[in-house]
Amino acid sequence: MSDAVTAERPSQSAPAADTPALRLVGVERHYKEGSGKLSILTGADLAIYPGEIVALVAPSGAGKSTVLHMAGLLERPDGGDVEIGGRLAGSLGDADRTAIRRLEIGFVYQFHHLLPEFTALENVMMPQLIRGLGRKEAARRAAELLAYMKLEARVTHRPSELSGGEQQRVAIARAVANAPRLLLADEPTGNLDPKTSHYVFDALEALVRASGLAALFVTHNMELAERMDRRITLEAGKIVEF
């Protein structure tokens with residue numbers, strides 16, 4: 001297996017094999033609504049382990065984005081805590097939370113958000129360069145990841161020259177370029193036709209299995225959700241399996 005896929009995570013030593021990559025412990029999140037408050041999460045618990053893909057399926061407005069924001073350390077919980085690789089992160093300072101986000105968590109969105117002026121190779125190099133990796137090594141690893149995603153013939157193409165499925169595969173490669181523990185995917189196949197959706201998911205699944213990262217995949221596509229290891233939803237502010 002390519003070392004670009006299985007590279008050692010740079011930020012800290014690996015936790016024990018039975019340690020969740022992500023754990024939400026009694027997480028609460030409330031928002032102001034007029035003179036009162038709107039409770040989205042009311043003691044949500046979740047554990048996702050290395051090599052596991054979990055589907056989050058829930059109606060619009062149920063709190064899927066809030067779960068992702070908590071898991072990705074983009075928002076702070078009003079109660080409870082968030083663990084990344086066994087490390088309590090919910091109450092850390094901004095600098096530490098940013099470091100964990102940059103090195104431990106990868107994000108893939110419905111819209112790929114690739115940088116239009118850069119090639120596929122340069123887009124995948126970017127997070128590695130930000131981390132401090134040398135340009136030559138970043139290019140080598142980016143090329144290996146794109147080859148693993150079956151995009152070796154497209155490395156010099158800009159996003160506008162790629163199909164929707166190709167753009168999302170580049171976005172996945174970019175998200176895992178720094179070998180994160182956790183991959184958070186927010187409707188990454190939502191704009192793709194069914195055949196392309198399955199092809200993109202195949203690539204993502206192979207990457208998760210090969211690298212041992214953990215993935216939380218928000219989707220409305222029940223056919224894809226059925227292919228994942230577990231399916232969860234939100235009920236009255238809590239996370240439940242179904």
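Me: A helix crossing is right-handed if the near helix is turned clockwise from the far one by less than a right angle, and left-handed if anticlockwise. In this predicted model, is the crossing in which H6 passes H7 left-handed or right-handed?
Reply: Helix H6 covers residues 164-175 and helix H7 covers residues 194-211, and their axes come within 10 Å. By the clockwise rule, the crossing of H6 past H7 is right-handed.

Me: How are H6 and H7 oriented to each other, roughly parallel or roughly antiparallel?
Reply: The axes of H6 and H7 cross at roughly 20°. Angles under 35 degrees count as roughly parallel. H6 and H7 are therefore roughly parallel.

Me: By class, how many nonpolar residues has the contact of H6 with H7?
Reply: H6 contributes Gly 165, Gln 168, Arg 169 and Ile 172, while H7 contributes Thr 196, Tyr 199, Val 200, Ala 203, Leu 204 and Leu 207. By class, one of these residues is charged and three are polar. The number of nonpolar residues is six.

Me: Over how many bridges do S1 and S2 pair?
Reply: S1 and S2 form a hairpin with two residues between them, and Gly 34 in the turn has a positive phi of about 65°. Within this antiparallel pair, Arg 23 stands opposite Ala 47. The number of bridges between S1 and S2 is 10.

Me: What is the bridge partner of Leu 22 in S4?
Reply: S1 (residues 22-33) also pairs with S4 (residues 79-84), in the antiparallel sense and over five bridges. The bridge partner of Leu 22 in S4 is Ile 84.

Me: Which strands stand at the edges of the open sheet of six strands?
Reply: The order is S6-S7-S8-S3-S9-S10, with mixed pairing. The twist averages 25° from one strand to the next. Each edge strand has a single partner strand, so one side of each lacks a neighbour in the sheet; these are S6 (105-108) and S10 (238-241).

Me: What is the bridge partner of Ala 55 in S8?
Reply: Strand S3 (residues 53-56) and strand S8 (residues 214-218) run parallel and are joined by four bridges. The bridge partner of Ala 55 in S8 is Phe 217.

Me: How far apart in space are Leu 121 and Gln 110, C-alpha to C-alpha?
Reply: Leu 121 belongs to helix H4 (residues 120-131). Beyond four places away in sequence, Leu 121 touches Ala 139, Ala 142, Ala 143, Leu 146 and Val 155. Gln 110 is 11 residues from Leu 121 in sequence, and the C-alpha separation is 20 Å.

Me: Which feature does UniProt list for residues 22-242?
Reply: This span is 36% helix and 28% strand, and its end C-alpha atoms lie 19 Å apart. In an unreviewed entry, UniProt lists the span as "domain: ABC transporter".

Key. Residues numbered from 1 in each chain as written. Predicted model: local features only at pLDDT ≥ 70, side-chain atom pairs only at ≥ 80, totals over all residues. Heavy atoms only, no water. Axes fitted to C-alpha atoms, helices over the stretch in contact; angles between N-to-C directions. Parallel < 35°, antiparallel > 145°, perpendicular 65-115°, else oblique. Contact = heavy atoms within 4.5 Å. Nonpolar A, V, L, I, M, F, W, Y, C, P; charged D, E, K, R; others polar. Pairing = 2+ DSSP bridges. UniProt positions renumbered as here; feature names shortened; annotations may be inferred.
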